[in-house]
Amino acid sequence: MKRLLITLALASTTLASQASAATTITFWDLLGGGDGARMQQLVDGFNKSQGTYQIKRTTLAWGIPYYTKVRTSSAVGQGPDLAILHLSRLSGWAEAKILRPIAPAELSSAGLKGSEFFPKLWQASSYSGQNYAVPLDTHPMVLYYNKDILKKAGLLGADGTMTPITSMADFNAALAAIKKTGAQALSFENGPTSYMPWRIWLALIAQQGGSIEQGNKLTYGALGTSTLNTITDWVKNGYAGKNVDYPTSVAQFVNGKAAFMINGVWEAPTLVDGTKAGKIKFGYGVVPFPKLYSNQSTWADSHAFVLPNNVGKAADPDKVKGALQFVAYAEKNALVWAGGGHVPANLTVANGAAFKAMKPNSDYAAVAAQNVTYDPQGWYSGAAGPLEAASAKYFPAAINGQLPVDRAISLFETDAKKLLTSAPKP
């Protein structure tokens, strides 16, 4: 017994020694709920897979609180070694030198290659010829549909999938046909301060060959007004409800009341889990946001790994190496992350048999990822950014009939022009 206790003591000492010898990599993110659990699974898996590095994860409040914390902490040399960033914010952060470039040799030493990622996502990870991020996913806007309601409206094919919609005329005709069945045709978030009108507006302008901004000048022209009119008509014609907040927009579809829902892929787990639990009684499908004009652009964003540039504190090469090894591990195991409805950025995972068997993800993944449209570049842009917030002040009011469309566009432009010609605030 005495010998056994000595052996156990020595083993315990050895493990403790190994743990203390490991280099700690501090990692900040903004991932709560199911995404938070999935990221923790990746962190735990990496930490257990080797003894050289340990990821120490801290999760902060989503949106402005998170980005403000990372920005201000990095400015005084107290930021993390590794962080999550929405790619829509990369251009502004790279320009402001909040991020540290990742050298090609550093990427290759961790086994990371740009050719292994969806081209649009890898391209969005660069700024002025330098790579600043490694994308983990894309989470585009897609179209959810209720098969039972579509069947009543004559919009379900013999194969049990939605009759293809290839134009705005097709989409509006489908909405009208569904309305005749007595069901609500469409659900999307349009309450005060909601972001979904901006995302639909941006996608539809891109589908018509337009853009939001170039060279710090607004470029959408007449498309801005006509496109917001199109979205407004969906509510005016009674296809979608007024002043619908986010939880209500999801509930309208999940409870079987709405035929279509425009939303991000992050609601796919709601349907998968609800069906398994027997709470969702209807058949559903998810398709890429339809091609309603000349191309199939859809609004999207991506979670990506970045290395904050801690001012006055040179990056420790060993920590950079460890951080990128964790990134490579997360990419290799991105099937875990795909459980959140996300499309893996890594092509090997996205094209693999395991992901193709994952439903409904594989029904929208490839087409959606090839047609992503991010927010315009600039410090004011991106997830929870000032430009998106400016649109949320006026677009929902126009959609709900509380503000003329041309007035909403005019007020948005006033705010947007101030942002485009000003400097970022910490």
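User: With which side chain does the side chain of Asn263 make a polar contact?

Analyst: A polar contact is a pair of N or O atoms within 3.5 Å; within protein, one must be able to donate a hydrogen and the other to accept it, and residues adjacent in sequence count only if both atoms are side-chain atoms. In this predicted model, local features need pLDDT of at least 70, side-chain atom pairs count only at pLDDT 80 or more, and totals for chains, interfaces and linings use all residues. Residues are numbered from 1 along each chain as its sequence is written, and side-chain values use heavy atoms, with hydrogens and water left out. Here the side chain of Asn263 makes its polar contact with that of Tyr246, at 3.2 Å. Another polar contact, of 3.5 Å, joins the side chains of Asn263 and Trp266.

User: Is Asn263 buried or exposed?

Analyst: Buried means under 20% relative accessible area, exposed over 50%, and partly exposed in between (1.4 Å probe, protein chains only). Asn263 has a relative accessible area of 1%, so the residue is buried.

User: How are two packed helices described?

Analyst: They are described by the angle between their axes and the distance between the axes. Axes are lines fitted to C-alpha atoms, for helices over the stretch in contact, and angles run from 0 to 180 degrees between N-to-C directions. Helices (H or I, at least four residues) are DSSP runs, numbered from the N terminus. Helix 9 (residues 196-207) and helix 18 (residues 386-399) pack at about 95°, with axes 8 Å apart. Helix 9 is therefore roughly perpendicular to helix 18, a label for angles of 65 to 115 degrees.

User: Which residues of helix 9 meet helix 18?

Analyst: Contact means heavy atoms within 4.5 Å. Pro197, Trp198, Arg199 and Trp201 in helix 9 meet residues of helix 18, including Leu387 and Phe395.

How values were computed:
Helix = DSSP H or I, 4+ residues; strand = E, 2+ residues; numbered from the N terminus. Parallel < 35°, antiparallel > 145°, perpendicular 65-115°, else oblique.
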